[in-house]
Amino acid sequence: MNCTSTNYFFPFLSMDSDDSDNSEDIPEVSECQRLCECFAEITGTDEACAQFYLQDRKWDLEATVLNEQECTKITK
């Protein structure tokens with residue numbers, strides 16, 4: 001499966017090859033889904049929130065979870 005194919009759950013993955021110089025940094029759609037599910041389970045958020053944060057951190061689950069935990073500590 002190619003991440004640049006049309007996908008209705010992850011619409012940001014539907015892009016032309018010349019739209020982004022870093023498209024190779026985006027994992028396969030199934031991996032994106034797995035990462036969203038993991039983040040949501042670990043942090044108690046939903047998958048839409050997970051998608052936003054993971055995309056912002058280039059799909060690095062560990063860095064995204066650690067950042068979310070730090071932000072949670074600061075706001076408490």
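The model is predicted: local features need pLDDT of at least 70, side-chain atom pairs count only at pLDDT 80 or more, and totals for chains, interfaces and linings use all residues. Residues are numbered from 1 along each chain as its sequence is written, and side-chain values use heavy atoms, leaving out hydrogens and water.

**Helix pairs**

Helices are DSSP runs (H or I, at least four residues), numbered from the N terminus. Helix α1 spans residues 29–43, and helix α2 spans residues 47–56. Helix α3 covers residues 61–75. The table gives the axis geometry; axes are lines fitted to C-alpha atoms over the stretch in contact, with angles from 0 to 180 degrees between N-to-C directions.

| Pair | Axes come within | Crossing angle |
|---|---|---|
| α1 and α2 | 8 Å | roughly 110° |
| α1 and α3 | 11 Å | roughly 25° |

Helices α1 and α3 are roughly parallel. Helices α1 and α2 are roughly perpendicular. Angles under 35 degrees count as roughly parallel, over 145 as roughly antiparallel, 65 to 115 as roughly perpendicular and the rest as oblique. The crossing of α1 and α3 is right-handed. On the α1 side, Leu35, Cys38, Phe39, Ile42 and Thr43 make the contact (heavy atoms within 4.5 Å). Leu61, Thr64, Val65 and Glu68 make it from α3. By class, this contact of α1 with α3 holds 6 nonpolar, 2 polar and 1 charged residues. Ala, Val, Leu, Ile, Met, Phe, Trp, Tyr, Cys and Pro count as nonpolar, Asp, Glu, Lys and Arg as charged, and the others, Gly among them, as polar.

The crossing of α1 and α2 is also right-handed. Here Gln33, Leu35, Cys36, Glu37, Phe39 and Ala40 of α1 meet Glu47, Ala50, Gln51, Tyr53 and Leu54 of α2. The residues of the α1 and α2 contact divide into 7 nonpolar, 2 polar and 2 charged.

Phe39 lies in α1. Not counting residues up to four places away in sequence, Phe39 touches Gly44, Thr45, Ala50, Tyr53, Leu54, Leu61, Thr64, Val65 and Glu68.

Thr64 sits in α3. Thr64 is buried too, with a relative accessible area of 2%. Beyond four places in sequence, Thr64 touches Phe39, Tyr53, Leu54 and Arg57.

**Annotation**

An unreviewed UniProt entry lists residues 31–63 as "domain: UBA-like". That span is 79% helix and 0% strand, and its end C-alpha atoms lie 16 Å apart.

Definitions and conventions. Helices (H or I, at least four residues) and strands (E, at least two) are DSSP runs, numbered from the N terminus. Buried means under 20% relative accessible area, exposed over 50%, partly exposed in between (1.4 Å probe, protein chains only). A crossing is left-handed if the near helix is turned anticlockwise from the far one by less than a right angle, and right-handed if clockwise. UniProt positions are given in the numbering used here, feature names are shortened, and annotations may be inferred rather than shown by experiment.
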